[in-house]
Amino acid sequence: MVPKYASVIFPLALPRPYTYSVPPTLAERIQRGTRVEVSLRNKLYTAIVYELHEEMSLDHKPKAIIDIMDEMPLVTETQLKFWQWVAEYYCCTLGEVLNVAMPSGLKLESETRIVFTGNSDELESILTDDEYLVAEAVHIRNELTINEIRDILNRKTVFPVIRSLIDKRIVTIKEELIEKFKPRTTNYMTLAPRYADDPELMSEAIGLVERSDKQTRAFLAFIQLAGNKTRSLPVSEVCKIASTDTSVIQAMVKKGLFIVEKKVQSRIFSAAEEANKDSSDMQPLSVQQLQAICGIRECFTQGKPVLIYGVTGSGKTRVYSELIGEQLKSGKQVLYLLPEIALTTHMVQRLKAVFGQEVLVYHSRMNSQERVELWNAVMHGGKIVIAARSGLFLPYHNLGLIIVDEEHDPSFKQNDPNPRYNARDAAVYMSHLTGASIILGSATPSLESYANACADKYGLVTMADRHGESVLPKITVVDIRQEYKDKRFDGLLSQEMLLAIRQALEAGEQVLLFQNRRGYAPTLHCKLCGWKAGCANCDVHLTIHKAFKELRCHYCGFRTRRPETCPACGSHELLETGFGTEKIEELIKETFPESKVGRLDLDTAKTKASFESILQDFEEKDIDILIGTQMITKGLDFDNISLVGILNADSILRYPDLRANERAFQLMTQVSGRAGRREKQGRVIIQTFDPSHPVITETMLHLYDRFYTRESSERKQYKYPPFYRMIAIEMLHKNAATVTHAAEVFAGNLRKHIGSRLIGPAVPGIERLRGQYIRTLTIKMEKDPVAVQKIKAILMEERDRLLTISACKAVRVNIDVDPY
């Protein structure tokens, strides 16, 4: 087939693929999944070829494809099918999926360049100083980018100057595609062949450098490192050993001793990693682990996804390592999904100790160059990929196993922007699409996954005991109502908690304290008139950050200085209510001045490096007491933690969400699992005003089955997942009346089709966020795939219809399928 037309996908929220004609000169080279250069709205873009057509009936003359960017497809057929499923299932466009799926370095962008077109003789007489600077620079260099002009004028806003020059016909705009990705290169040095081939000439080589101490050191450093004299070494490595700089190497190049050349170097591998690989690091399998592996293999033969329900510290990672090794021996690829980047560091270290350079890491905090290199590495057969949710979109060719660790974690769900996908559920479909086996693992399985296991859709493998000599921690619940009555409670730490911390410190052990709220205090208010510090953009209170002397909004980022007096009445009696991690840190330092205290939250661990630094200090026992938010609840495995304190269990339980109980059980169980992970039993203390709450009891006694039975009964009664399907619709506009009107119109139109399945519109608990007023609608549906698909189609059709109404077209409509 000789294609004449191609449907292409742009990294934009366009309703459908656009069709372009294929010039005869490109017809033999074009393939599905290749990037092509095309024009759209007078700009040049790179698009992905989605479909090829021999003939098409069109009511317009399509533009022609300008060029093909790749010799081989950059996106596989499997990826295109997966993208299509994600777009259809999560009610979004293919372009939005593409935008999330591909690294920005592979999406070419149109960069504006300015070209000289005027008369150089007239410049000085008709131009301002800034215009003259730009015009002369463009004239000398032929063309400049916007960024280069900003550098010349040393200011950010240059468009008025450029517009004036265009109006005066001095310059014009040129559109040119730029390739973002550039391979990383490193200078390597090699001994010149004359000396490498003839050992007798080495004395002559030494004579050339003997008058320079620096050159002598560098020459001897090279010989020492190279061993085999024909070997190339990085210039930087030789300079480091010899304590010299590159000018010394260049001097020896001029003497004919060395040849220096640039080589492409991977950003994702280091030579040391392969050297450190040691499969003997894997501990022998316990009886429980062997039984788990047998159960998993049996489920694999039946073609079922497998849910591993293993208590914290049961040794699930060792089971995963064994199964990964089996896949590598079969020549298969493995995808290991973790919910957050924070967890990858710890897991990467453990897996690299076993599998060395086979392990690749992929997540959103990698720079563009690294992500492109990893994309290419996976396409060319990279074996083990540890990734956050975006790792699902990599170009696997021979995927054999997918592992979704901590499958219950809400971080697997993307909330904004589209596609609002759940990586756990998408991974199950990916396994079906590729024929790969899939394992979902957790100490606190989501109700959705456990319900599927109970319905025999998933295989269930249980690991009920901790690995080795360690046992589950002893959990104590402290009723702080009594301490309040006795005036022994200061609002943060009970007497029992203080005593337990003191005992742990005296024994040389470490303590974790959990409070799921960062900052110093969540509210600042006036005792006299009742004024409360609120965000200018959101309907929320501002959180006090004492270290910065600021009030901050944790939703939009708004910040302001902490006032000394009430802005409303001038009173000095401003009260701080509640407590966050910063306030706890201050109290702990006052109460235990001899101890080393650390804090792990978004304020102290904004970067991956700072996060790793805090964990390293804790691992090396440079921190005695670590206070943190839910960052400390996941995946951390340290052998010296004897006490975990949950300071305010009620704040988690009383959150207005259908999954509040589930989240509370999971958080408290996960943070409890950090205690006593070796021979000595750990201790967990939970502070609460409601010790009889069923979730508190179930957490204390490790009763997941009872929790599941009780929670499932309530979900069934009120028609909630996992027994019913849900779609949440969020409508936003800067004007409250506009969004209210749009929500009522939208709800009225939907209700005609789906009746009582629709709930709302409603005003959410926080009515305004980031300057946008919000209205919500909820659709509850029976678990019938045909009915669900029909309702999604109606929803999309009515949304498009709503946006054609002039009063509603500026309203943003977010559709969240399976909100989590």
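Reply:

**Salt bridges, rings and cores**

By the rule used here, the count comes to 40 salt bridges, a salt bridge being a side-chain nitrogen of Lys or Arg within 4 Å of a carboxyl oxygen of Asp or Glu. Before we go on, please keep in mind that this is a predicted model, in which local features need pLDDT of at least 70 and side-chain atom pairs count only at pLDDT 80 or more, while totals for chains, interfaces and linings use all residues. Residues are numbered from 1 along each chain as its sequence is written, and side-chain values use heavy atoms, with hydrogens and water left out.

Let us begin with Glu-407 and Arg-424, whose side chains meet in a salt bridge at 3.5 Å, N to O. This pair links distant parts of the chain: Glu-407 is in the loop between strand 16 (399-405) and helix 17 (423-434), and Arg-424 is in helix 17, 17 residues apart. Helices (H or I, at least four residues) and strands (E, at least two) are DSSP runs, numbered from the N terminus. Both Glu-407 and Arg-424 are buried; buried means under 20% relative accessible area, exposed over 50% and partly exposed in between, with a 1.4 Å probe and protein chains only. Arg-424 also lies over the face of Tyr-820, 5.1 Å from the ring centre. A charge sits over a ring if NZ of Lys or CZ of Arg is within 6 Å of the ring centre and within 35 degrees of the ring normal.

Next comes the salt bridge between Arg-481 and Asp-479, where the closest N and O atoms are 2.9 Å apart. Here Arg-481 is partly exposed, at 41% relative accessible area, and Asp-479 is partly exposed too, at 27%.

Glu-698 and Arg-710 form a salt bridge as well, with their closest N and O atoms 2.9 Å apart. Glu-698 belongs to helix 25 (residues 694-700) and Arg-710 to helix 26 (residues 704-717), so this pair ties together parts 12 residues apart in sequence. Glu-698 is buried, with a relative accessible area of 1%. Salt bridges with shared partners join both residues into one network, which also includes Glu-448, Arg-659 and Glu-662.

Now for the rings. The structure holds 21 aromatic pairs: rings of Phe, Tyr and Trp (its six-membered ring) pair if their centres lie within 6.5 Å, and planes under 30 degrees apart count as stacked, over 60 as edge-to-face and the rest as tilted. Phe-82 and Trp-85 make a stacked pair, 6.3 Å centre to centre with 15 degrees between the planes. Both lie in helix 1 (residues 77-89), 3 residues apart, about one turn of the helix, and both are buried. Tyr-309 and Tyr-704 form a tilted pair, 5.2 Å centre to centre with 45 degrees between the planes. Tyr-309 is in strand 12 (residues 306-310) and Tyr-704 in helix 26, so the pair ties together parts 395 residues apart in sequence.

Finally, the largest nonpolar core has 116 residues, and Trp-83, Ile-729 and Met-731 have the most contacts inside it. Such a core is a set of buried Ala, Val, Leu, Ile, Met, Phe, Trp, Tyr and Cys residues joined through side-chain atoms within 4.5 Å. Apart from this core lies another, of 29 residues, among them Ile-324 and Val-334.
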